[in-house]
Structures are given as structure tokens and as C-alpha cells.
Amino acid sequence: MTSAVGTDTGSNYFVAGDSLRLIEHPEILPAGFPLQIKPLPIKNRYEGDKGAIANGAKLFVGYNCLDCHGADGSGAMGPSFQDGRWHFGGSPGDVFESIYQGRPDGMPAWGGRISNEQIWILTAYVRSLSSKDLSTENFTGKTVERTGH
Ligand code: HEC
């Protein structure tokens, strides 16, 4: 298969940079250049894999994601991962991209610093958190719905 956007070897591992070009951004159409290439769907081989998710939980602590995103991604100065709301999209490709390239309001870029494989493992972990109970206790003891970020 030849393609201008790279070749999927079937391994789901892309060399640094390639993975980003494969993510669909239908909202961004380059002026004068109709989108001719149908982007490949991004699959995370670790999605739903219990062992990988357990490893992701350890990486989440080890890389201090927890400091900004709270224990179990419950939210702190960085957004919660439990509320099912995503600023930058919640698909595996979107979450990979958030971690890989960082986000403007304080999310560091991890691409090139940690392996793409670890980013996919973190992606599986982060996505696994959002099925949790959306409500939380605030300091008054009243249960309130998280307002997101
Ligand atoms: C220095 C604090 C900090 C650290 C460390 C950090 N983050 Fe973030 N992260 C943020 C902030 C702040 C945002 C929101 C950025 C924005 O809105 O532009 C964010 C956004 C994200 C998003 C996008 C969320 C959404 O709603 O779309 C993901 C996914 C994410 N971080 C994962 C991680 C992972 C995984 C790690 C550890 C490898 C990590 N972050 C480490 C501060 C941090």
C-alpha cells in the first residue's frame, strides 16, 4: 500500500510525527486543497487491556500526571478524566495526541520524551477512567455533579 500519509505496518506503532498526521481533523480544511486522503482509523492495541491499563496507572504516577490531573484522574489544576468531557476529543487518537504533543494551557508534550508505546498505554488508562461515577463530594459534604473544566 502506498499512501502520502505513511504506511500502517499493522503494528499500530508509528514513528514520531507520523501518528499525528493520521488523525482526522475534519474541521480543518486547508484552503484550496480538498481533503482527498481518507485518514486511517487510529486503533490502540492496548484499549481495554487490563494488564496495560494497570501499567498505565503506574506510569500515570511515575510521570507525575497525577500531580496535575489528580489521583485516578479525578482532576486538579489539570482537567478530570472521569467526567466524560474532553476539551480535545476523547477518541484514542485524540488522547494520544493530547499526551504526545501537549496542549496550550499547561499540558506538557511527552512525545519523544517517553516512548509512543507508553503513550498508548497511558491513553488506554486515561480512557478507562471516564466510565466512573460522575458525581463527587465537595467540601460541604453535598454531592455535586462535576462541572468539567
Ligand atoms: C504540569 C501539569 C500537567 C502534567 C504533569 C500533565 N498534565 Fe495533562 N493537562 C494539563 C493541563 C493544564 C491540561 C489542559 C490543557 C489545555 O486546556 O490546554 C491537560 C490536558 C491533558 C489531556 C487532554 C484532556 C482533554 O480534556 O482533552 C490529556 C489526555 C492529558 N492532559 C493527559 C496527561 C497525561 C497522561 C500526563 C502524564 C504523562 C499528563 N497529562 C501530565 C496539565 C498537566
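Student: How many helices and strands are there in the protein chain?

Tutor: Helices are DSSP runs of H or I with at least four residues, strands are E runs with at least two, and both are numbered from the N terminus. Here the protein chain has five helices and two strands. From the N terminus on, the order is α-α-α-α-α-β-β. Residues are numbered from 1 along each chain as its sequence is written. This is a predicted model: local features need pLDDT of at least 70, side-chain atom pairs count only at pLDDT 80 or more, and totals for chains, interfaces and linings use all residues.

Student: What is the mean pLDDT of the protein chain?

Tutor: pLDDT is the predictor's confidence in each residue, from 0 to 100. The chain mean is 79, and 60% of the residues reach 70 or more.

Student: Where is pLDDT below 50?

Tutor: One such stretch is residues 1-11, which still has twelve contacts in the model beyond near neighbours in sequence. A contact means two C-beta atoms, placed from the backbone, within 7 Å. Residues 137-141 also stay under 50, with two contacts beyond four places in sequence. Where pLDDT is low, the predicted coordinates should not be read in detail.

Student: Which residues have the most contacts inside the largest nonpolar core?

Tutor: Start with burial. A residue is buried if 20 or more other C-beta atoms, placed from the backbone, lie within 10 Å of its own, exposed if 12 or fewer, and partly exposed in between. A nonpolar core joins buried Ala, Val, Leu, Ile, Met, Phe, Trp, Tyr and Cys residues through C-beta atoms within 7 Å. Here the largest core has 17 residues, and Ile-121 and Leu-122 have the most contacts inside it. H2, H4 and H5 each supply at least two of its residues. The largest share, seven residues, comes from H5. Leaving aside neighbours within four places in sequence, Ile-121 is in contact with Tyr-46, Ala-52, Asn-55, Gly-56 and Leu-59.

Student: Why is H5 called largely enclosed?

Tutor: Eleven of the 13 residues of H5 are buried, so the rest of the structure largely encloses this helix. Among them are Trp-120, Tyr-125 and Arg-127. Buried residues make up 23% of the 149 residues in the protein chain.

Student: What span should H5 have?

Tutor: The expected span of a helix is 1.5 Å times one less than its number of residues. For the 13 residues of H5 that gives 18 Å, and the end C-alpha atoms are 18 Å apart, which agrees.

Student: Which residues come nearest to the ligand?

Tutor: A residue is near a molecule if its C-beta atom, placed from the backbone, lies within 6 Å of it. There are 24 residues around the ligand, and Cys-65, Cys-68, Gly-78, Asp-105 and Met-107 come nearest. H3 gives the largest share of the shell, four residues. The shell has 15 nonpolar, six polar and three charged residues. Ala, Val, Leu, Ile, Met, Phe, Trp, Tyr, Cys and Pro count as nonpolar, Asp, Glu, Lys and Arg as charged, and the others, Gly among them, as polar.

Student: Is Asn-64 buried or exposed?

Tutor: Asn-64 counts as exposed, because it has 10 C-beta neighbours inside 10 Å. Asn-64 lies in the loop between H2 and H3. Its phi is positive, about 60 degrees, although it is not a glycine.
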